[in-house]
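Subject: Structure handover

Hello, here is the structure for you to look through. My notes on what was found follow it.

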Amino acid sequence: MTVQLTSNQVWEAMEKEVFAVLGMATAKGEARTVGIVYVVHGRKLYIGSNRDTWKVRHISANPKVSLTVPIAKRLWFMPWMKIPSATITFSGTARVLDPKETSPDVLKLLYRGMAEDPERVANTAIIEVTPEKDFVTYGVGISLMEMRDPNKSRGRVSVG
């Protein structure tokens, strides 16, 4: 039996994290991934980047992306014990925005107080990711003991 999660539970779990792995394809169709820092706002994820990075170029050419959010699992009394991370994975559509096209609320969250400096924001782009269809989860919303059983660890829920 798979874990029964709600869309809200998955969104709440993603809001607590800041790091994810963004998957995309080059213009030639070659797979690429990159670690990113993100914020959640209005059921979308936002990523800040320099305007001239390859991820901005690849997403401009092909907006279909995947994103995986790892969620560290730890035993506080045995921090040396290696435990697999829980994960939230989804596919979606990304678009590259100029900071001027982005809400001031998103810029404040993303740049953590540095958005007021026009020089700092001038050469940046904002990547907006809209999740589609389902979240696929592993180990989200269950205990470490339950996580030992792959059948109990897996989940799938509509992005809502």
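The largest nonpolar core has 34 residues. A nonpolar core here is a set of buried Ala, Val, Leu, Ile, Met, Phe, Trp, Tyr and Cys residues joined through side-chain atoms within 4.5 Å, where buried means under 20% relative accessible area and exposed over 50%, with partly exposed in between (1.4 Å probe, protein chains only). Those with the most contacts inside this core are M14, L22, Y38, L45, L67, I88 and F135. At least two core residues come from each of α1 (7-16), β1 (19-25), β2, β3, α2 (54-61), β4 (64-71), β5 (86-97) and β6. Helices (H or I, at least four residues) and strands (E, at least two) are DSSP runs, numbered from the N terminus. Another core, of 8 residues, lies apart from the largest one and has V39, L97, V106 and L107 among its members.

This is a predicted model, in which local features need pLDDT of at least 70 and side-chain atom pairs count only at pLDDT 80 or more, while totals for chains, interfaces and linings use all residues. Residues are numbered from 1 along each chain as its sequence is written, and side-chain values use heavy atoms, with hydrogens and water left out.

Next, the helix α2. Its buried residues are K55, V56, H58 and I59. Seen down the axis of α2, they fall within an arc of 165° (taken from the directions from the helix axis to the C-beta atoms), so they line one face of the helix. R57, S60 and A61, on the other side of α2, are exposed. The buried residues of α2 pack against β1, β2, β3, β4, β5 and β6; contact means heavy atoms within 4.5 Å.

In helix α3 (residues 104-111), the buried residues include V106, L107, L110 and Y111. The buried residues of α3 fall within an arc of 105° seen down its axis, so they too line one face of the helix. Their cover includes β2 (31-41), β3 (44-50) and β6 (124-138). After α3 comes R112, with a positive phi near 45°.

Last, the largest pocket. Its volume is about 190 Å³. On a 1 Å grid over the protein atoms alone, a pocket is an open set of points where a 1.4 Å probe fits, with protein on both sides within 12 Å along at least five of seven lines; lining residues have an atom within 4 Å of a point. Of the 14 lining residues, I47, G48, S49, L110 and Y111 are the closest to the centre. The largest share of the lining, 4 residues, comes from β3.

Technical notes: Points joined across faces, edges and corners; volume = space filled by probe spheres on them.
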